[in-house]
Amino acid sequence: PKLRHFSPESQWSLLTRFARTSTLVARLRKCKDTILSITAEASTSSHTSRTVEAFAEALASQIFIFERLIAQHETRMLQAHLQAGQSTVVSLLSLEKSIRQEFSTTFEELNQVMEGNFRSRSWLDVDQISSVIRTSPSSFSSRLLDDIFERIQQKQAFGDNTTATFLLHVFSKAAEPLWQMLGRWLRDGIFMPMNYSFSGTTSPLPLEFFIEYNELNLGHPDFWTDGFSLRSRIINNGPSSDDYEVPLFLKPLSEPILSAGKSIGFLRILGNDMASGNGLLSENLWPTFESFLSSLSRSESDADEPNAPLRRSLTTEKLTLLLSDRLLPICEESGAALKRVFFDDCDLHFHLERIEDIFLMRRADIMSDFCDVLFDAVRNCMDRFKPLAYTHPHIDGKKHW
């Protein structure tokens, strides 16, 4: 009866908006419940992607914010008649406007992210979600993060900072597992601990990390060049060396990050643990990705506001530049430490000069000196094993080695 002043067309328009919002939120809730059910039922050998877990938790937080706002509006409506001397406007139009101002197009964007990365309606089925993730965990993680971040930039370009702020929160939560893997790689290098296995495949590195282990032993001559590499994207049933499964905002830094992990691993083999020193790698507390973005926003703005980073366009290039200020000093420090070990402790210059003397014949007597050293080493080995000499009974009665 209270809607009689609305025409049927007006009622249909208002209720359709509420129905669409409710449908979008219900689909997000269904996707979140499905992913978390996979997590709850998964064993250690079939662990799901941590990035998709974080994405599901971010969806849960957005749904909670929405439900809290609706509960507040419901409470205010129910208590409107109890407020003596005060007037409270209760209408569907004000409710619809409040929801639109609070969330803008957040739920539409999240549904498009969900459908684009889970093959349309696969979010309805547990097995299909598992299949999508297990096909290539690293590819799925990088594709999901790139999709969300691209939508953040689009919303900023159109001036929709409300949606961009919510998507940035989802992005920071979804990128947290990869960010923590990156922190462990820069702390432990090639000895980064494996926290879980995926689909029964055991690997020193998580399969959703953009660096992979190529199953070369530490003693293999190509271990330090090919033992660990950037994970190649699979195209036409084969790896592509032109494209790697690295999120776009980390791709320009991927090579220095890979080299830093190798350097740190080599230093640990030599007994030089950089994490115990006073340098950048001695920091035991690796910040969360959300706190890292918050610290950037505070450093770039005059006011300490949560929406400060959205006042300026947060492009992929800008985020890469901000990350480089944090990551490149660590990479440079690891390289400098390895250089000090090579040239100061191992006196690499001396050995390089001797090798050049041999191959370039810089001194006339260098080959004779080298041969003397070589034959002295052979003579010492023969003297060491002289007690093993014996007389062969069938060969002219002489001693043989």
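**Exercise 1. Find which residues Asn111 contacts, leaving aside its neighbours within four places in sequence, and decide whether Asn111 is buried or exposed.**

Solution. Start with the contacts, meaning heavy atoms within 4.5 Å. Leaving aside neighbours within four places in sequence, Asn111 is in contact with Leu24, Arg27 and Leu28. Helices here are DSSP runs (H or I, at least four residues) and strands are E runs of at least two, numbered from the N terminus. Finally, Asn111 counts as buried because its relative accessibility is 4%; buried means under 20% relative accessible area, exposed over 50%, and partly exposed in between (1.4 Å probe, protein chains only).

Before going on, a word on the source: this is a predicted model, with residues numbered from 1 along each chain as its sequence is written. Local features need pLDDT of at least 70, side-chain atom pairs count only at pLDDT 80 or more, totals for chains, interfaces and linings use all residues, and side-chain values use heavy atoms, with hydrogens and water left out.

**Exercise 2. Describe how helix 4 packs against helix 6.**

Solution. Two packed helices are described by the angle between their axes and the distance between the axes. The axes of helix 4 (residues 106-117) and helix 6 (residues 137-157) come within 10 Å and cross at roughly 150°. So helix 4 is roughly antiparallel to helix 6, a label for angles over 145 degrees. Now list the residues that meet: Glu109, Gln112, Val113 and Asn117 in helix 4 face a set in helix 6 including Phe140, Leu144 and Ile148.

**Exercise 3. Characterise the surroundings of Trp179.**

Solution. Trp179 sits in helix 8 (residues 176-188). Because its relative accessibility is 4%, Trp179 counts as buried. Beyond four places in sequence, the contacts of Trp179 include Trp286, Pro287, Phe289 and Leu323. Take Pro287 as a check: 108 residues separate Trp179 and Pro287 in sequence, yet their C-alpha atoms are 9.1 Å apart.

Definitions and conventions: Axes fitted to C-alpha atoms, helices over the stretch in contact; angles between N-to-C directions. Parallel < 35°, antiparallel > 145°, perpendicular 65-115°, else oblique.
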